[in-house]
Amino acid sequence: MAIAKAERLMNLALCLLGTRRPLSKRELRESVEAYLEAGSDDSFNRMFERDKDDLRELGLVIETVESLDGEIGYLARRDSNRLPAITLDAEEAAALGLAAKVWQQARLAGAASGALQKLRAAGLPEDVDPYEAHGALEPRIPVHEAAFEPLMLACRDRRPVVFDYRKANAAQPEPRLVEPWALECWRGHWYLAGFDRDRGAERVFRLSRITGKVRSRAARFTAPVPDVVTVRETVASWAGETADRSALIRLRTGAGYPLRAKATGVRELGDGWDELEIPYGHGLDAWLVEFGPDVVVLEPAELRADVVDRLRAVAKG
């Protein structure tokens, strides 16, 4: 949001919250400096209506009142816009403390600690230590990717982003224009779900495959944001977690521990190789390619062909 617009919205909100009687459009125009600069009545009316809608979208309750002489006025009553008192029991405080502790090793550590301090100021009992209840736990969420912070801010602010992305079967990255929805960590890796404008569909991106800087764009989303974004379910289906059939692979001894964790059967072959039976679903070929020469697909034939095609594409560059 531009600084000029943010300042204008703040001034309008203060006017509406600070009055004890409804203010007409004329009075609001005289009270907010930016409205005085409007070139015409039509320009002011359009600006005011947009600002009023934006404030309501941000959560401000604005009442429209008609006086006895038919004049329309606006005000935001303080009692209608006051948050209720925050009350937390020991279990809820412990849960918040645990959540804050997760981010102590990340860039959000300061924000998490500050949030707990504000909760104490708002009524969190002093005799409740949010960290103590689960003192034996040391939860950590690793955030090593430089793309995490700009993508997190873009998700929060609903801003499209541009970044270079290298697919598993590609030697070179390619630019992507994405409307980011949500970030989620799954099995030690961060993923972004969003709407890919160039492909006109939902996509999930692994942050470790984003190269270079993430650049934001000053534009609105073109696709609706779903109420529930199933990042983990989407990635799990690509990795074969929801598969209803099996694949047989050879895996080098001492390698591919994620594959071993998924295996439904393991047999030692000798000579430094094991045979594994693993769930087979959409995207398994892309995952197997990541293990390079440590994996050989035995069956089914279509999976073996897909893996070979991906390896050839990488070799060609």
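**Entry 1: the sheet**

I began with E3 and E4, which pair in the antiparallel sense over five bridges. Helices (H or I, at least four residues) and strands (E, at least two) are DSSP runs, numbered from the N terminus. I take two strands as paired if DSSP finds at least two bridges between them. The model is predicted: local features need pLDDT of at least 70, side-chain atom pairs count only at pLDDT 80 or more, and totals for chains, interfaces and linings use all residues. I number residues from 1 along each chain as its sequence is written, and side-chain values use heavy atoms, with hydrogens and water left out.

Contact means heavy atoms within 4.5 Å.

Which residues of H7 (residues 148-157) are buried? I list Phe-148, Leu-151, Ala-154 and Cys-155. Seen down the axis of H7, the buried residues fall within an arc of 130°, so they line one face of the helix. The arc is that of the directions from the helix axis to the C-beta atoms. Buried means under 20% relative accessible area, exposed over 50%, and partly exposed in between (1.4 Å probe, protein chains only). The buried residues of H7 pack against E3 (161-165), E4 (174-186), E5 (189-196) and E7 (210-216).

**Entry 2: backbone checks**

Arg-158, in the loop between H7 and E3, has a positive phi of about 55° although it is not a glycine. I computed 37% relative accessibility for Arg-158, which counts as partly exposed.

Asp-271 has a phi near 60°, again a positive value in a residue other than glycine. Asp-271 is in the loop between strand E9 (265-270) and strand E10 (273-280), and at 80% relative accessibility it counts as exposed.

I also noted a cis peptide bond joining Glu-299 and Pro-300, with omega about 5°. Pro-300 lies in the loop between strand E11 (295-299) and helix H11 (301-316).

**Entry 3: aromatic rings**

How many aromatic pairs does a search of the whole structure find? I get nine. Rings of Phe, Tyr and Trp (its six-membered ring) pair if their centres lie within 6.5 Å; planes under 30 degrees apart count as stacked, over 60 as edge-to-face and the rest as tilted.

The rings of Phe-48 and Tyr-74 have their centres 5.3 Å apart and their planes at 65°, so the pair is edge-to-face. Phe-48 lies in helix H4 and Tyr-74 in strand E2 (residues 72-75), so the pair ties together parts 26 residues apart in sequence. Phe-48 is buried, with a relative accessible area of 1%, and Tyr-74 is buried at 7%.

Phe-163 and Phe-205 form an edge-to-face pair, 5.4 Å centre to centre with 85° between the planes. This pair links distant parts of the chain, with Phe-163 in E3 and Phe-205 in E6 (residues 201-206), 42 residues apart. Both Phe-163 and Phe-205 are buried.

I found one aromatic cluster formed by Tyr-35, Phe-44, Phe-48 and Tyr-74.

**Entry 4: single residues**

Met-47 lies in helix H4 (residues 41-57) and counts as buried at 15% relative accessibility. Not counting residues up to four places away in sequence, Met-47 touches Arg-8 and Tyr-35.

Glu-275 lies in E10 and counts as buried at 16% relative accessibility. With residues up to four places away in sequence left out, its contacts include Leu-248, Ile-249 and Leu-298.

Last, I looked at Arg-250, which lies over the face of Trp-273, 4.9 Å from the ring centre. I count a charge as over a ring if NZ of Lys or CZ of Arg is within 6 Å of the ring centre and within 35 degrees of the ring normal.
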